[in-house]
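Please have the sequence and the model at hand.

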Amino acid sequence: MSTPWRLLAGTLGVLALALMASVLALGVLMATHSYQAFESPFSVVNFSSQRGYYSLSCPQNWIWNRGNCYYISTEAKTWPGSQTACKNMNSSLLKIEDREELKDFLKLLKSYYWTGLSRRGPDEPWRWEDGSGLSHNLLSEQEHFFRGWCVHYGFSNQFSSEDCHHSTTYICKQSAI
């Protein structure tokens, strides 16, 4: 076999090995992604085991992030029931302050969760539990707010309004100590 053919055969052999390694790596990534996609939609990411998400300044079973503590429920309640549950834990339903909060751990949610955003009727403004108004920089309220007077957040980083007596999980928020 002449030298040019040997060089070509060697090059093709190296390319074949690289292709096999790429296919194997892609298969592992797809298998991992498929496993995560089939988890229960009501499961919660285990934030406390991830660095930067847990601090002793939060109550047990709460998640620390950017100076706040978050309680992610696994129990479904109506919006008023969720509000009461949060008040009983000296907190309030989730108030999202800015887009950074959405980009942090909230993007990892695997279900819908009640937030503290609601309104009293069709001509009333959207307000957080503390009475402050909805920032138009945070989201476009016309997009998904047509089903009810209470807002939940979750799948695909979507806000959506729902009947307040619908039961779903919820997130409580309080300032870290």
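What follows takes the disulfides one by one and then turns to the nonpolar cores.

Keep in mind as you look that this is a predicted model. It holds three disulfides. If you number the bonded cysteines in sequence order, they pair as 1-2, 3-6 and 4-5.

Let's begin with the pair 1-2. Cys-58 and Cys-69 are bonded, with 2.0 Å between their sulfur atoms. The pair links distant parts of the chain, eleven residues apart: Cys-58 sits in the loop between α1 (3-37) and β1 (63-65), while Cys-69 belongs to strand β2 (residues 68-72). Turning about the S-S bond by -90°, this link is left-handed. Both Cys-58 and Cys-69 are buried.

Next come Cys-86 and Cys-172, a disulfide whose sulfur atoms lie 1.9 Å apart. Because Cys-86 is in helix α2 (residues 79-88) and Cys-172 is in strand β7 (residues 169-175), the bond ties together parts that are 86 residues apart in sequence. The S-S torsion here is about -85°, so this disulfide is left-handed. Cys-86 is buried, as is Cys-172.

That leaves the bond from Cys-150 to Cys-164, at 1.9 Å from S to S. Which hand does this link have? With 95° about its S-S bond, the link of Cys-150 and Cys-164 is right-handed. Here Cys-150 is found in strand β5 (residues 150-154) and Cys-164 in the loop between β6 (158-162) and β7, 14 residues apart. Are these two cysteines buried or exposed? The cut-off for buried is under 20% relative accessible area. Cys-150 counts as buried because its relative accessibility is 1%, and Cys-164, with a relative accessible area of 15%, is buried too.

Now for the cores. The largest nonpolar core has 18 residues, and those with the most contacts inside it are Ile-96, Leu-102, Leu-106, Leu-109 and Ile-171. Strands β2, β4 (113-118) and β5 each supply at least two residues of this core.

What does Ile-96 touch, leaving aside its neighbours within four places in sequence? Its contacts are Glu-101, Leu-102, Leu-106, Trp-128, Leu-138 and Phe-159. Among these, Leu-102 and Leu-106 were named above for their contacts within the largest core.

Key:
Residues numbered from 1 in each chain as written. Predicted model: local features only at pLDDT ≥ 70, side-chain atom pairs only at ≥ 80, totals over all residues. Heavy atoms only, no water. Disulfide = S-S within 2.5 Å. Helix = DSSP H or I, 4+ residues; strand = E, 2+ residues; numbered from the N terminus. Buried < 20%, exposed > 50% of the residue type's maximum accessible area, 1.4 Å probe, protein only. Core = buried A, V, L, I, M, F, W, Y, C linked by side-chain atoms within 4.5 Å. Contact = heavy atoms within 4.5 Å.
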